[in-house]
Amino acid sequence: MKSRSWIWLVWAGLTVAVLPINATESLEYQLFDSLINQNRSPYSPLEMALIAGGAESREALDKAKAAFETAAKDLTLSEKQAKQSGTKKAKAIYKKLKTVFKTENAQAFDIVTTLQTKDYSPAGAAFLFAYLAEKEGVSPEDRTAVVKNLDPYYATKKQIKVEETLAVLFAAKAIASAESDGQKAGRALTISSVLDPEATYQRDIADRNLYNQGLGYYNEGKFFDAATLVSGAAARYPERKEFAPLAYNIGIKLFQQAEESKEYAQMVPIAETLATHTGEYQAQFLDTLAKYQYNHAVYLRDSGKLEEALFQVRKISNPHSKTTWRNFQIGVVQTLIEKANEAKDQEGTTKWMAELDRISPKRAEQFKTMLKQMELKKLDESGNFEKALALALEAIGDKVGNQNYLTVLTRYVTSLCEKDRFKEALTALDGAPDGIDEKQALNDLREYTYTSWLSKYTDRDYQTTIPIYKRVFSDKNLKLSSQNQEAFEENYGNAVYREVEQIIADRKWKLADQKSQQALKRFPNHKLLQNQRKTVETILKRVASE
């Protein structure tokens, strides 16, 4: 099994791996994907300009490059001109270009067509000048000698860089196409913002129009167009604060659609691009997004797309449960190790083992030991964990035996949790022998089991969750982390609050009084229960007076 190369970068504060781009997508999409995920372009400035002009495939790009080289031959400076000073050389280049520029056409973004038909756009003309000037060795500062002849945007520039002219070219194209194709325009704006984050092309005009167009798509229910356009526009024009609430509202609509369809593959990546543009709503947005990112990662994993699943789960900036998040990664990486090992792919096995060691050195050591035990491995692969545990139990007493047992138990508990068999998982943990000295690892597995179990419900499912919370807080073998201790207490109180609310709705005043007092005694600092108690007391007074 040949392993694909990953590129590591920081995304939302986390180190994540980027998968190679899909070669079946259009070149513009590939450029967008590469700039977003890798912050680099696989294309030269000329190729990017040709992509902006409409080259969608590698074949089309090669043809466009050949056509450009042919059409641009007449623009080559003479030997004498090439020896001139920077400013004079800049003027000589522009003089040659003037023979090409005849009819201004704001929609003429294809520089090859410009050279062939003499129809030009200011954005395309500026790129052509900057590109040819750079090719002739003219500095960005000397290029300003012809600044008055370019797009008015460059009038006050002290430098004219190829990157900025490219950014402007993509922005101009996006602005022109926003009404007809929101997604394509949004990608072009994102490309523009990455190529030159400082460019301010048509600021205060374009950003207002793009906001209105994004709002229009939103009102028409075209949420993917709205999301891509607003994400790109907010990246290009971050000064316009109105994008933040619009980005948030679009994201919520995408979440609602995903909740109904359970199809996360298309929604999650677009929602992720919105996240950085939600301003003061970002924390709330990321909290909601985390659920769908995790669900998408689960879908990818269950579909056999393990590397994609690992990439996806690592994009979660604020996991609801870091234990679940970490164990998901461990499970996926362990499966990748198994697959590489089965295929006798030593390179892949070594790579993924190193990755497991990066996530959890203890788990990596345990897994290495398990792989050496062929019989245990066969039982593990067949899913016969009970027999594997029994076999591992026979070797309890030494370090290797303990590690084997804990590794199999981890796989068993994780497997049971994935199948919603949480009681069985806890029973398996209860059966761990006293000889296991990895108490923290056992505690982590127990905490992971309860967290996974409760994550299936909300506080509205109080009839189900209250017994689980009671079990959590009576489990003598569990020591919750400080983070989960606080979260469990809060959510337990929320569930009890819902229970009492239902009793009130059923007009069972005596029972509501009893339960409310008990709840406040158990959770004295819970705001909802404090307010609820006041409500119960008010009701009791009213009933007593009737």
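Modeller: Let us start with Leu246, which lies in helix H12 (residues 243–261). Bear in mind that this is a predicted model.

Biologist: What is Leu246 in contact with, leaving aside neighbours within four places in sequence?

Modeller: Its partners are Tyr211, Gly214, Leu215, Tyr218 and Val230. Contact here means heavy atoms within 4.5 Å. Ala227 is 19 residues from Leu246 in sequence, and their C-alpha atoms are 9.0 Å apart.

Biologist: Take Glu28 next. Where does Glu28 lie, and is Glu28 buried or exposed?

Modeller: Glu28 is in helix H1 (residues 27–38). Its relative accessibility is 5%. The limit for buried is under 20%, so Glu28 counts as buried.

Biologist: Which residues is Glu28 in contact with, beyond four places in sequence?

Modeller: They are Ile51, Phe170, Lys173, Lys184, Arg187, Ala188 and Ile191.

Biologist: Now the largest nonpolar core. Which of its residues touch the most other members?

Modeller: Phe68, Phe129, Phe170, Ile250, Leu254 and Met267 do, in a core of 96 residues. Helix H7 (residues 122–135) gives the largest share, 10 residues.

Biologist: What is Met267 in contact with, past its neighbours within four places in sequence?

Modeller: Phe224, Leu254, Phe255, Ala258 and Tyr292.

Biologist: Met267 belongs to helix H13 (residues 267–275). How do you know whether H13 is mostly covered?

Modeller: Count its buried residues: 7 of its 9 are buried, and H13 is mostly covered. The buried ones are Met267, Val268, Ile270, Ala271, Glu272, Leu274 and Ala275.

Biologist: What makes helix H22 (residues 422–430) and helix H23 (residues 439–454) roughly antiparallel?

Modeller: Their axes come within 10 Å and cross at roughly 170 degrees. Angles over 145 count as roughly antiparallel. H22 and H23 are therefore given that label.

Biologist: Which residues of H22 and H23 make the contact?

Modeller: From H22, they are Phe422, Lys423, Ala425, Leu426, Leu429 and Asp430. From H23, they are Leu442, Leu445, Arg446, Thr449, Tyr450, Ser452 and Trp453.

Biologist: How do the residues of that contact divide?

Modeller: Into 8 nonpolar, 2 polar and 3 charged.

Biologist: On to the rings. How many aromatic pairs does a search of the whole structure find?

Modeller: The search finds 20.

Biologist: What makes the pair of Tyr153 and Tyr201 edge-to-face?

Modeller: Two numbers. The rings are 5.6 Å centre to centre, with 80 degrees between the planes. Pairing needs centres within 6.5 Å, and edge-to-face needs planes over 60 degrees apart. Tyr153 and Tyr201 form an edge-to-face pair on that basis.

Biologist: Which parts of the chain does this pair link?

Modeller: Distant ones, 48 residues apart. Tyr153 is in the loop between H7 and helix H8 (162–177). Tyr201 is in the loop between helix H9 (182–195) and helix H10 (206–219). Both Tyr153 and Tyr201 are buried.

Biologist: Why is the pair of Tyr492 and Phe523 given its label?

Modeller: The ring centres are 5.0 Å apart and the planes stand at 80 degrees, so this pair is edge-to-face. Tyr492 lies in helix H25 (residues 482–505), and Phe523 in the loop between helix H26 (509–522) and helix H27 (527–545). The pair therefore ties together parts 31 residues apart in sequence.

Biologist: How do you know whether Tyr492 and Phe523 are buried or exposed?

Modeller: Tyr492 has a relative accessible area of 9%, so Tyr492 is buried. Phe523 is at 5% and also counts as buried.

Biologist: Which residues form one aromatic cluster?

Modeller: Tyr248, Phe255, Tyr281, Phe285 and Tyr292.

Biologist: Last, Lys344. What is its phi, and is Lys344 buried or exposed?

Modeller: Its phi is near 60 degrees, a positive value in a residue other than glycine. Most residues other than glycine have a negative phi. Lys344 sits in the loop between helix H16 (322–342) and helix H17 (346–359). Exposed means over 50%. Lys344 has a relative accessible area of 75%, so Lys344 is exposed.

Technical notes. Residues are numbered from 1 along each chain as its sequence is written. This is a predicted model: local features need pLDDT of at least 70, side-chain atom pairs count only at pLDDT 80 or more; totals for chains, interfaces and linings use all residues. Side-chain values use heavy atoms; hydrogens and water are left out. A nonpolar core is a set of buried Ala, Val, Leu, Ile, Met, Phe, Trp, Tyr and Cys residues joined through side-chain atoms within 4.5 Å. Buried means under 20% relative accessible area, exposed over 50%, partly exposed in between (1.4 Å probe, protein chains only). Helices (H or I, at least four residues) and strands (E, at least two) are DSSP runs, numbered from the N terminus. Axes are lines fitted to C-alpha atoms, for helices over the stretch in contact, and angles run from 0 to 180 degrees between N-to-C directions. Angles under 35 degrees count as roughly parallel, over 145 as roughly antiparallel, 65 to 115 as roughly perpendicular and the rest as oblique. Ala, Val, Leu, Ile, Met, Phe, Trp, Tyr, Cys and Pro count as nonpolar, Asp, Glu, Lys and Arg as charged, and the others, Gly among them, as polar. Rings of Phe, Tyr and Trp (its six-membered ring) pair if their centres lie within 6.5 Å; planes under 30 degrees apart count as stacked, over 60 as edge-to-face and the rest as tilted.
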